[in-house]
Amino acid sequence: MTTTLLTLAMLFFSVLSQAVGAQAVTSIGLYECEGTQNGVAYTLPLKVEPLGDTVKLTWGPPSTLVGLGLPHRGYLAVAIVSPSSGAVGVAIYAISAGRLTGAWARGDGTINVETCSIIQQGKPA
């Protein structure tokens, strides 16, 4: 199942980038994300860094997840992986001034929501 999800995420990003191209994300910096996972509230820090026409996302601690984001037309599509377990997921965010609002899934059949608000604009240290 993990291989299938990763393959689908890679195919999605490949098709999307070929069809529409990437655009720059202006909301680079540190965020605080608040959301729910299976009905339980959480708060996590998020670092968004430039990576060419894409962005690198790092959630945590306490847990650490990394993602590759493809911005396009006001949205950010993200492939996510847990370096410790190898679990994969996908997310989609609406980009607005200082905020990322979206949904994510990790292959267990549930869709979770979160809002990330910028707390430090600019390239994180």
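Of the 125 residues in the chain, buried ones make up 34%, where buried means under 20% relative accessible area, exposed means over 50%, and partly exposed lies in between (1.4 Å probe, protein chains only). The model is predicted, so local features need pLDDT of at least 70 and side-chain atom pairs count only at pLDDT 80 or more, while totals for chains, interfaces and linings use all residues. Residues are numbered from 1 along each chain as its sequence is written, and side-chain values use heavy atoms, with hydrogens and water left out.

The secondary structure comes to 1 helix and 8 strands. Here helices (H or I, at least four residues) and strands (E, at least two) are DSSP runs, numbered from the N terminus. Read from the N terminus on, the order of the elements is α-β-β-β-β-β-β-β-β.

Strand 2 (40-51), strand 5 (75-81), strand 6 (88-96) and strand 7 (99-105) each supply at least two lining residues, and the largest share, 3 residues, comes from strand 6. By class, the lining has 11 nonpolar, 7 polar and 2 charged residues. In this scheme Ala, Val, Leu, Ile, Met, Phe, Trp, Tyr, Cys and Pro count as nonpolar, Asp, Glu, Lys and Arg as charged, and the others, Gly among them, as polar.

Charged side chains come next. Side chains of opposite charge can pair when their charged atoms come close. With a salt bridge taken as a side-chain nitrogen of Lys or Arg within 4 Å of a carboxyl oxygen of Asp or Glu, the count comes to 1 salt bridge. That salt bridge links the side chains of Asp108 and Arg106, at 3.2 Å from N to O. Asp108 is partly exposed, with a relative accessible area of 39%, and for Arg106, also partly exposed, the value is 39%.

The side chain of Glu114 does have a polar contact of 2.5 Å with the side chain of Tyr42. A polar contact is a pair of N or O atoms within 3.5 Å; within protein, one must be able to donate a hydrogen and the other to accept it, and residues adjacent in sequence count only if both atoms are side-chain atoms. Another polar contact, at 3.2 Å, joins the side chains of Ser82 and Ser85. Ser82 sits in the loop between strand 5 and strand 6 and is buried, with a relative accessible area of 9%.

Gly69, in strand 4 (residues 65-72), is buried at 1% relative accessibility. Between the C-alpha atoms of Gly69 and Ala79, 10 residues apart along the chain, the separation is 6.7 Å. Ile95, in strand 6, is 68 residues from Ser27 in sequence and 8.1 Å from Ser27 in space, C-alpha to C-alpha.

Most residues other than glycine have a negative phi, and most peptide bonds are trans. The bond joining Gly60 and Pro61 is cis, with omega about 0°, and the bond from Pro61 to Pro62 is cis as well, with omega near 20°. Pro61 is found in the loop between strand 3 (54-59) and strand 4. Positive phi values occur at Asn38, near 55°, and at Arg73, near 50°.
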